[in-house]
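Student: I am new to this one. Please take me slowly through one part, the loops and the pieces around them, and explain each term as you go.

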Amino acid sequence: AVDPLSSTVAKLPLSYKRLNRSTKTFVEYDNSPLYWLLRGYPNDHMTAFDFWKTIVAQIKLHGNSYVYISRSGIDINEFILLTPYSVFYDAMTNTYSVTDRINGIVGTFDAPEILHFKNISLDGGYTGVSTIRYAADVLSIQATGDKETLSRFAQGGRFKALFCNDN
């Protein structure tokens with residue numbers, strides 16, 4: 001299921017717009033280097049299709065996908081998709097510790113230097129969990145509830161309790 005979903009998302013048209021101050025509307029801005037990074041080649045070894053497809057696959061299978069923004073001053077040179085499990089997010093300092101030897105990126109980065117795409121979050125929106133883990137947790141809770149229900153009905157559906165007080 002991940003492959004058709006990620007392929008479909010990667011095929012969706014992506015438009016890059018900026019505010020036209022005189023008309024107060026957003027207009028297509030295809031002369032920007034950022035436009036070509038997002039629509040053509042985000043880095044030296046990936047097409048935009050591969051980039052977005054892999055991001056969606058990582059989100060669904062691992063819960064998170066991280067992209068390092070490589071810059072020269074204020075200019076963005078490339079978007080580097082980081083290897084799964086090479087990033088640790090510290091919510092207390094709002095920083096990302098990266099040890100991605102495959103892409104040659106090692107260090108601690110402030111939040112604006114990393115794009116963080118998340119799946120379903122169970123920790124208040126800091127990180128995501130994989131769809132598989134989330135489904136396993138839900139099924140486990142359901143199985144526990146089913147077991148308790150079967151146990152109750154096996155006893156005739158009666159609830160037994162002992163009440164005590166000091167008298």
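Tutor: Helices (H or I, at least four residues) and strands (E, at least two) are DSSP runs, numbered from the N terminus. This is a predicted model, where local features need pLDDT of at least 70 and side-chain atom pairs count only at pLDDT 80 or more, while totals for chains, interfaces and linings use all residues. Residues are numbered from 1 along each chain as its sequence is written, and side-chain values use heavy atoms, with hydrogens and water left out.

Start with Y85. It lies in the loop between β4 and β5 (87-90). Most residues other than glycine have a negative phi. Y85 has a relative accessibility of 68%, so it counts as exposed. Exposed means over 50% relative accessible area, buried under 20%, and partly exposed in between (1.4 Å probe, protein chains only).

Now go to K24. This residue is found in the loop between β1 and β2. K24 is exposed, with a relative accessible area of 65%. The hairpin of β1 and β2 has four residues between the strands. Strand β1 covers residues 17-20 and strand β2 covers residues 25-28. They run antiparallel, joined by four bridges. Two strands pair if DSSP finds at least two bridges between them. Within this pair, R18 stands opposite V27 in β2.

Back to β4, at one end of the Y85 loop. Strand β4 belongs to an open sheet of three strands, in the order β4-β3-β8, with antiparallel pairing. β4 (75-81) and β8 (114-118) stand at the edges. Each has a single partner strand, so one side of each is left without a neighbour in the sheet. From one strand to the next, the twist averages 25°. Strand β3 (residues 64-72) pairs with β4 over six bridges. In that pairing, S70 stands opposite E78 in β4.

A helix covers this sheet. α3 lies across β3, β4 and β8, running at about 140° to β3. Axes are lines fitted to C-alpha atoms, for helices over the stretch in contact, and angles run from 0 to 180 degrees between N-to-C directions.

α3 (residues 48-62) also meets helix α1 (residues 2-11). Their axes come within 8 Å and cross at roughly 140°. That makes α1 oblique to α3. Angles under 35 degrees count as roughly parallel, over 145 as roughly antiparallel, 65 to 115 as roughly perpendicular and the rest as oblique. Residues of α1, including V2, L5 and V9, meet residues of α3, among them F49, W52 and V56. Contact means heavy atoms within 4.5 Å. By class, the contact of α1 with α3 has nine nonpolar, two polar and four charged residues. Ala, Val, Leu, Ile, Met, Phe, Trp, Tyr, Cys and Pro count as nonpolar, Asp, Glu, Lys and Arg as charged, and the others, Gly among them, as polar.

Finish with F109, in strand β7 (residues 105-110). F109 is buried, with a relative accessible area of 11%. Leaving aside its neighbours within four places in sequence, F109 is in contact with Y68, T95, Y96, V98 and I114. F109 and Y96 are 13 residues apart in sequence, yet 5.2 Å apart in space, C-alpha to C-alpha.
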